[in-house]
Amino acid sequence: MKSYVPNTAAERQEMLESIGLVGMEDLFADVPEDLKLHRPLNLFAGMSEMEIRRAFQKLASDTDPNMPIFRGAGAYRHYIPAAVSQLAMRSEFYTAYTPYQCEMSQGMLQAIFEYQSLISDLTGMEASNASVYDGGTAAGESLLALRDSKRKKKILYSAALHPDVIAVMQTYARFASLELTEVPLTPAGITDISAIPSLSEGAAGLIAPQVNFFGCIEDSAALAEATHAFGGLFVAYVNPLALGTLARPGDCGADFAVGEGQPLGLPLAFGGPYYGFMTTRMKLIRNLPGRIVGQTTDADGNRVFVLTLQAREQHIRREKAASNICSNECLCAIMSSIYLSLMGPAGMQEVAQQNIQKAHYLAKALCAIPGVHMRYPNTPFFNEFVLDIDRCPGEINDELKARGYMGGVRLRRFLPDDQGMLWCATECNTKEEMDGVAAALKEVLK
């Protein structure tokens, strides 16, 4: 099969010259050199359809889809009821486009409205937008919402946020002329609330996680109180599944609740697509980016749905817009709506409690092995925890994989100087799997 690039080399060169560039590499001048590959991609040469099928079958044969997984770090393996994918496969959902013409899009608009209602109820907030691209984007957009509410340029953030989320926030801040100030961690692995007053002068607010990157459960109510004490707004970056058992952000005094929706019925899918959610209190609803679907009545008094509170600047005067988010991850959000509807409050509570119980069982089993230590032994945690082990994490994972287990994430992947491992257990991990990986780790460390 030939290349899918539809234009010739000469045509591409003509297009580059028309915008004042010499070569293709000039298009990527803003990408740091250390992120560039500096070599051709290791791809197959052109092949026939049969050859491609054989190549992918060989790749699939090298992967064990049933390997027990003990890592999360932002993307989690949870059980997804079969009805979620079956209902989401309906053509009305997965072929639908942006519902600009409300009279032609009542089904899609109602689906988004139901999603907004569910995610608002889950977070304890009063309003939701129609989702954004992912959790990192939701965090970045929340910075713009804080800036718009206070017209201040400084925003505090917790060092306990996911490092990738922090990186996205830094990109947003750079191009929005915002100043980000980090609130450090305590020795217990949570946000240092006592440091907030000394850092808060001129700040518009604080964004902090619940649960944090290290799996530790934060005191969201205290964080909200400390933020409101200096006149700022508090953004809670939450794991939505944990809200089945932890207090909701709205009940803790948060002004915004944002996060990654993947734990709510979305498969790992090699990293996406996922979606981000954003909720807030009614008084701040105009600070939300993107669109919001509202409910009203038509001329005959029928219940109908419309797009509302969406700034036209996002489409026609983009340089003047507070945000340029004008799309949404609608199919992913619908999958979460189906998941939440199937689970209900009791189901959400049960799955959250299973995550807590199984993570604690796994942590106890692993820490019984000589040379394995909990980094934050006295801090409550949800479904993840950090272990310090007297051996290279990369070598440990290689040997665990050879024994049929996917071990914890090397923290060095996110934090260059950190030699710890972030382990995770969810409702999908059985007692036999957890006992098995503990036995395998003990054998590896011998």
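Is I396 buried or exposed? I396 is buried, with a relative accessible area of 0%. I396 lies in helix α12 (residues 393-402). Helices (H or I, at least four residues) and strands (E, at least two) are DSSP runs, numbered from the N terminus. I396 and P416 are 20 residues apart in sequence, with 18 Å between their C-alpha atoms.

The model is predicted: local features need pLDDT of at least 70, side-chain atom pairs count only at pLDDT 80 or more, and totals for chains, interfaces and linings use all residues. Residues are numbered from 1 along each chain as its sequence is written, and side-chain values use heavy atoms, with hydrogens and water left out.

Two helix pairs were examined for packing geometry. Axes are lines fitted to C-alpha atoms, for helices over the stretch in contact, and angles run from 0 to 180 degrees between N-to-C directions. The axes of α12 and α13 are 10 Å apart, and these helices pack at an angle of about 125°. The two are therefore oblique to each other. Angles under 35 degrees count as roughly parallel, over 145 as roughly antiparallel, 65 to 115 as roughly perpendicular and the rest as oblique. The crossing of α12 and α13 is right-handed. A crossing is left-handed if the near helix is turned anticlockwise from the far one by less than a right angle, and right-handed if clockwise.

The second pair is α5 and helix α11 (residues 330-367). Their axes are 9 Å apart, at an angle of about 45°. α5 and α11 are therefore also oblique to each other. Their crossing is left-handed.

Salt bridges were then assigned. The criterion is a side-chain nitrogen of Lys or Arg within 4 Å of a carboxyl oxygen of Asp or Glu. The structure holds 13 of them. One joins the side chains of R303 and E114, at 4.0 Å from N to O. This pair links distant parts of the chain, 189 residues apart. R303 belongs to strand β9 (residues 303-308), and E114 to helix α5 (residues 106-123). R303 is partly exposed, with a relative accessible area of 48%. E114 is partly exposed too, at 30% relative accessibility.

A salt bridge also forms between D164 and R413, whose closest N and O atoms are 3.8 Å apart. D164 lies in helix α7 (residues 163-176) and R413 in the loop between β12 (409-410) and β13 (421-424), so the pair ties together parts that are 249 residues apart in sequence. D164 is partly exposed, at a relative accessible area of 37%. R413 is exposed, at 52%.

A local salt bridge pairs K431 with D435, the closest N and O atoms being 2.9 Å apart. Both residues lie in helix α13 (residues 431-445), 4 residues apart, about one turn of the helix. An α-helix has 3.6 residues a turn, so residues three or four places apart point the same way. K431 counts as partly exposed at 47% relative accessibility. D435 is partly exposed as well, with a relative accessible area of 29%. Salt bridges that share partners also join R391, E395, E399, R403 and E443 into one network.

α1 is hardly covered: 1 of its 10 residues is buried. G20 follows α1 and has a positive phi, near 80°. A nonpolar surface patch of about 570 Å² is made by I19, M24, L27, F28, V31 and L35. Patches are made of residues with over 30% relative accessible area and no salt bridge: like charges are joined within 9 Å, nonpolar side chains (Val, Leu, Ile, Met, Phe, Trp, Tyr) within 5 Å. Accessible areas come from the Shrake-Rupley method with a 1.4 Å probe; for residues, only the protein chains shown count as cover. Within the patch, F28 sits in the loop between α1 (9-18) and α2 (49-61). F28 is partly exposed, with a relative accessible area of 45%.

R174, in helix α7, is exposed at 60% relative accessibility. The C-alpha atoms of R174 and Y237 are 20 Å apart, across 63 residues of sequence. E141 lies in helix α6 (residues 135-150) and counts as buried at 3% relative accessibility. E141 and T186 are 45 residues apart along the chain, their C-alpha atoms separated by 27 Å.

Technical notes. Buried < 20%, exposed > 50% of the residue type's maximum accessible area, 1.4 Å probe, protein only.
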